[in-house]
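Visitor: Please show me how to read a model of this kind, feature by feature.

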Amino acid sequence: MKSMFNKKKLMIGSLTFLLVLGGCTDINEKVYDQYTADEFYGTPEGENVALAAIYAQVAGNWNGVGYAGADNGWYDLNCMSADEQVIPHRNTGDWQIDFVRVYKHEWLPTDLMVNNTWNWLYKSVFNANLAVSLLENANADPAKIAEAKVLRAFFYYLLIDDYGNVPFFTENNISVDKIPQATRTEVYDFIVSELTANVDLLSVSKGGSYYGRFNKWAGYALLAKVYLNAGVYTGTPKWAECLAACDKVSEGGFSLHSGASNATSPNGNKYFELFGDVLPDDETILSMYATVNVVSRSIYSVRTLYGPHAQALFGYSGWNGTIVPKDFFQKYSENDIRRKQFLFGEQPGGFNYTQDVSSLDNPGAPPQAGVRGMKFYPAGTSDGGGASNDFPIYRYADILLMKAECNVRLGNSGAAKPFIDAIRERASLPVLAGNPTLDDIYNERGFELNWEGHRRQDMIRFDKFLLPNLFRGASPEYRKLFPLPTSALDANRTLVQNPGY
């Protein structure tokens with residue numbers, strides 16, 4: 001089991017605070033509970049406590065809290081509204097139909113996932129606002145103030161990506177019913193301003209105490225993501241700016257992790273170390289920390305496996321939930337090492353996962369219907385409630401694919417080819433015969449980044465999100481945004497609902 005305190009000391013602020021207070025054996029040491037707030041938050045310990053309250057929201061846990069790790073939150077809303085995964089209702093009566101309705105683009109403003117995502121993001125904004133205020137008032141290290149501001153920008157970026165025009169505030173001295181609604185463009189401008197003013201102030205350290213934290217390279221990765229989708233958010237693309245931000249990330253010395261065969265890997269290649277317990281820092285730019293029953297959890301493997309099959313493999317039952325739709329799975333080449341993450345057909349022990357799924361909701365899918373995804377093969381401490389796999393928020397393969405996309409969109413497809421070829425060669429695929437097209441890049445992003453939280457955003461940017469699939473017809477334009485939750489509209493009568501809802 002990995003050590004939480006060796007890996008990242010500020011994932012749980014209360015624990016950090018207790019270590020500060022409880023570790024005093026020298027009578028000459030400072031007693032921080034006798035300090036004023038301004039004095040305390042100006043110390044290294046106080047700075048970390050302020051930041052810990054924000055990072056705890058990134059990790060989260062149950063009830064839709066966190067970037068990834070448990071269910072019914074941001075990850076499920078964004079991944080299951082795309083084409084890469086869904087949890088069908090089973091004809092045995094298992095699983096709520098919420099996940100299917102999200103996959104079929106039938107979500108409502110009252111839905112649990114819509115509400116959970118909204119509540120999580122605004123609690124995170126609140127915590128970030130508080131940290132910025134505490135740190136600024138204490139004249140804290142500018143790098144720590146910058147880190148809090150970058151985190152706040154990160155949450156606002158997720159908000160406008162999902163909801164469009166959103167309530168906007170940077171100080172917590174305003175009641176919920178008075179928070180003004182800003183346009184998507186206005187919040188985008190704020191995000192860009194905050195990031196460009198602060199990312200160069202962030203630490204350049206990688207790993208150690210900066211594992212899972214925004215350093216300079218993660219800050220530029222976030223800025224690149226914001227620019228990548230600027231055309232969606234504002235109507236004005238920023239391909240050159242995105243490319244420049246990606247180049248900044250490259251200055252951090254990242255490279256693609258090896259894809260070589262590895263007999264000790266359950267999925268057969270070193271590539272899958274990128275989704276294990278401690279993520280390799282050659283390719284990982286920013287990760288979400290998880291140790292089951294301590295800080296968050298990774299549920300994706302236990303949630304996908306048929307109960308008796310997981311019992312045979314791990315000694316605890318699977319949830320028999322998530323499947324990979326047939327039309328997504330079948331796009332993979334048989335020679336692609338990334339195809340090894342999927343379980344289909346006959347399995348040891350007499351289990352059989354069929355590719356075909358006749359029904360998602362009425363009457364639902366049979367227990368063993370659907371391809372299963374094992375990208376996050378259980379690592380570290382694991383049990384029936386999840387595993388300790390950390391989650392890659394940003395990694396260098398994504399940056400290379402962003403570089404390829406920006407170059408193609410700027411009319412320089414020849415410059416894009418080496419980036420996409422590097423991804424393909426790592427996956428044991430031949431290089432492209434010619435220069436890449438946008439479809440080549442879109443497909444490669446799906447092959448490489450599936451189940452990592454990017455697919456909905458990619459589908460919208462490439463005009464694929466509204467297209468029909470095996471289980472629904474074409475979707476209306478308004479489904480590119482989620483609705484503001486009914487509860488938010490009830491709490492603040494000045495808010496305007498997104499069109500179509």
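The dialogue below covers confidence, the nonpolar cores and one aspartate.

Guide: This is a predicted model, in which local features need pLDDT of at least 70 and side-chain atom pairs count only at pLDDT 80 or more, while totals for chains, interfaces and linings use all residues. Residues are numbered from 1 along each chain as its sequence is written, and side-chain values use heavy atoms, with hydrogens and water left out.

Visitor: What pLDDT does the protein chain average?

Guide: pLDDT is the predictor's confidence in each residue, from 0 to 100. The chain averages 93, and 93% of the residues score at least 70. Over residues 1–29 pLDDT stays under 50. Where pLDDT is low, the predicted coordinates should not be read in detail.

Visitor: Which residues touch the most other members of the largest nonpolar core?

Guide: In soluble globular proteins, nonpolar side chains tend to be buried together. A nonpolar core is a set of buried (under 20% relative accessible area, 1.4 Å probe, protein chains only) Ala, Val, Leu, Ile, Met, Phe, Trp, Tyr and Cys residues joined through side-chain atoms within 4.5 Å. Here the largest has 136 residues, and Y67, F154, I191, F214, I285 and Y394 touch the most other members.

Visitor: Is D421 buried or exposed?

Guide: D421 is buried, at 8% relative accessible area. It sits in helix α17 (residues 413–426), and its side chain reaches the backbone nitrogen of L432 at 3.0 Å.

Definitions and conventions. Helix = DSSP H or I, 4+ residues; strand = E, 2+ residues; numbered from the N terminus. Buried < 20%, exposed > 50% of the residue type's maximum accessible area, 1.4 Å probe, protein only. Polar contact = N/O pair within 3.5 Å; in protein donor to acceptor, adjacent residues only side chain to side chain. Contact = heavy atoms within 4.5 Å.
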